[in-house]
Amino acid sequence: SATSSSSTGSNADVEFRSLDRVRSQMTQLYQLLREGGQLNVFGAIGRKPPSSSKFATPEGPIYPTMGSKIITPNLLEQITGMEMINLTPRPTNLLLYGGAALAVLEGILSLYLHINFNLLVFCTLLLALLDQVLVSGAVFETGLRMVLPEMKTRITKHEAGHFLCAYLLGCPVEGVVLSTWAALQDGRFGGRSTRAVSAGTSYYDLDLSEQISGMKPLTRESIDRYSIIVMGGIAAEAVEFGRADGGAGDEEALVRFLRSLNPRGGNAIKSWSPELIRNQARFGATEAVLLLKEYKPCYDALVDALERGGDLGNCIVAIENAAKKEGLGWLPKPFGMVLDEGEHGKWIPIEESDMISSTNGNSLAMDGSNVDPTSTNGVPTYGEDPITSTEHFLQKYREEMKQKLASIDQKLDELDRKSD
């Protein structure tokens with residue numbers, strides 16, 4: 001799972017105030033190292049280029065895709081080369097199968113050792129309860145990893161996806177744990193409580209924290225950044241294994257986050273409907289897949305560092321060394337444009353659209369028409385724009401779809417009359 005260290009609870013304001021100062025100082029340190037050229041891919045996505053670089057500052061953040069943020073399932077498959085099912089966490093029945101196998105084993109022991117079956121069941125339930133209460137299920141997890149040795153590799157690659165997406169988006173990572181035993185030793189992941197996670201990546205986004213607390217207006221850019229990081233683990237599993245097994249908790253975290261957003265002003269979104277939430281999840285997964293593919297050498301180096309038990313510093317060094325070796329750095333242009341055309345939208349790779357900079361700062365397409373990179377069909381798509389942009393766009397998208405369906409029905413009626 002991905003854990004944002006931003007605190008929004010009223011009871012945590014005083015507790016986290018000193019931590020926020022530390023995080024603010026750490027963020028400034030990261031920025032200084034980035035400006036000095038020591039960190040070439042930290043903040044490579046969605047952030048301004050370092051002042052020392054040769055790139056001019058763009059009008060808005062650059063993500064792998066530009067244009068519309070409406071990502072239909074068909075469009076997701078076209079952009080990522082993956083079917084939607086590959087990015088949907090597979091439901092697990094491990095507890096059911098494990099419980100059934102344990103019941104059979106206890107039945108055999110009861111028959112051969114003449115031990116009361118009910119007593120065995122009671123002792124098993126008691127031990128499971130103690131395991132959960134005392135060590136957050138760490139004993140059960142250890143046994144599960146012994147039965148399924150590939151589980152460790154999958155968890156490592158899942159968390160590496162969160163880590164790298166956060167790093168590329170300019171959000172400092174505080175730590176990573178790959179087992180419940182490690183989480184029990186780290187208060188950021190629950191510590192010695194029943195809230196300890198089995199694996200997780202802790203990062204912080206000061207901009208989002210200030211916006212959630214009401215210090216600044218909540219922006220779509222911050223929501224997009226959070227969505228990409230949260231979906232980074234699922235995207236990593238899909239890229240590496242062809243299908244995501246874990247990540248159901250990440251999806252739930254994104255849903256809880258979006259539903260928790262309250263209106264911040266007169267033009268703020270009233271509520272995140274299921275349709276809006278599903279679209280945002282697809283958007284985050286699409287961006288994460290493209291990021292992980294583009295910065296694959298960095299991802300592989302990070303996975304290797306995590307598998308060798310490297311600490312946070314080792315992981316960052318591994319990422320930056322791989323980036324330097326492969327010539328990777330700040331992303332100067334998107335990979336393509338998403339257009340609201342046709343029934344499912346249209347994806348135009350950047351090579352095909354042949355986007356060039358025009359004298360007025362806008363982009364010029366092949367046909368010579370100006371394309372505003374900050375909007376699609378007049379609807380804002382990024383920057384400091386309010387989070388209403390997606391809702392407005394979806395409303396417009398629905399209206400256009402209704403018109404197209406009405407036109408199709410009319411043509412079908414005409415064909416029926418002609419055939420009669």
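The model is predicted; local features need pLDDT of at least 70, side-chain atom pairs count only at pLDDT 80 or more, and totals for chains, interfaces and linings use all residues. Residues are numbered from 1 along each chain as its sequence is written, and side-chain values use heavy atoms, with hydrogens and water left out. The protein has 16 helices and 11 strands, where helices (H or I, at least four residues) and strands (E, at least two) are DSSP runs numbered from the N terminus.

**Confidence**

- The mean pLDDT (the predictor's confidence in each residue, from 0 to 100) of the protein is 75, and 66% of its residues reach 70 or more.
- Confidence is highest in helix α13 (residues 296-307), at a mean of 96, and lowest in strand β11 (residues 379-380), at 34.
- The pLDDT is below 50 over residues 5-18, a stretch with 12 contacts in the model beyond near neighbours in sequence; contact means heavy atoms within 4.5 Å.
- The pLDDT is also below 50 over residues 352-390, and this stretch has 82 contacts in the model beyond near neighbours in sequence.
- Where pLDDT is low, the predicted coordinates should not be read in detail.

**Overall make-up**

- Of the 420 residues in the protein, 47% are buried; buried means under 20% relative accessible area, exposed over 50%, and partly exposed in between (1.4 Å probe, protein chains only).
- Among contacts in the protein with a separation of 6 or more, 68% are accounted for by residues 24 or more positions apart.

**Packing of α9 with α11**

- Helix α9 (residues 220-230) and helix α11 (residues 248-260) have axes that come within 9 Å and cross at roughly 165 degrees; axes are lines fitted to C-alpha atoms, for helices over the stretch in contact, and angles run from 0 to 180 degrees between N-to-C directions.
- α9 and α11 are therefore roughly antiparallel to each other (angles under 35 degrees count as roughly parallel, over 145 as roughly antiparallel, 65 to 115 as roughly perpendicular and the rest as oblique).
- The crossing of α9 past α11 is right-handed; a crossing is right-handed if the near helix is turned clockwise from the far one by less than a right angle, and left-handed if anticlockwise.
- From α9, the contact is made by Ile 223, Tyr 226, Ser 227 and Val 230, and from α11 by Asp 250, Ala 253, Leu 254, Phe 257 and Leu 258.
- By class, the residues of the contact of α9 with α11 are seven nonpolar, one polar and one charged (Ala, Val, Leu, Ile, Met, Phe, Trp, Tyr, Cys and Pro count as nonpolar, Asp, Glu, Lys and Arg as charged, and the others, Gly among them, as polar).

**Packing of α13 with α14**

- The axes of α13 and helix α14 (residues 312-326) lie 8 Å apart, at an angle of about 150 degrees.
- α13 and α14 are therefore roughly antiparallel to each other, and α13 passes α14 in a right-handed crossing.
- On the α13 side the contact involves Pro 297, Cys 298, Ala 301, Leu 302, Ala 305 and Leu 306; on the α14 side, Asn 314, Cys 315, Ala 318, Ile 319, Ala 322, Ala 323 and Glu 326.
- The residues of the contact of α13 with α14 comprise 11 nonpolar, one polar and one charged.

**Packing of α6 with α12**

- Helix α6 (residues 150-168) packs against helix α12 (residues 274-294) at an angle of about 90 degrees, with the axes 10 Å apart.
- α6 and α12 are therefore roughly perpendicular to each other.
- Gly 161, Leu 164, Cys 165 and Leu 168 of α6 make the contact with Ala 288, Leu 291 and Leu 292 of α12.
- The contact of α6 with α12 has six nonpolar residues, one polar and no charged residues.

**Selected residues**

- Thr 156, in α6, is buried, with a relative accessible area of 2%.
- Apart from neighbours within four places in sequence, Thr 156 contacts Leu 178, Val 303, Leu 306 and Glu 307.
- Glu 320, in α14, counts as buried at 7% relative accessibility.
- Although 279 residues apart in sequence, Glu 320 and Val 41 are 6.8 Å apart in space, C-alpha to C-alpha.
- Not counting residues up to four places away in sequence, Glu 320 touches Gln 38, Leu 39, Asn 40, Val 41, Phe 42 and Tyr 167.
- Leu 109, in helix α3 (residues 94-113), counts as partly exposed at 34% relative accessibility.
- Leaving aside neighbours within four places in sequence, Leu 109 is in contact with His 114, Ile 115 and Leu 120.
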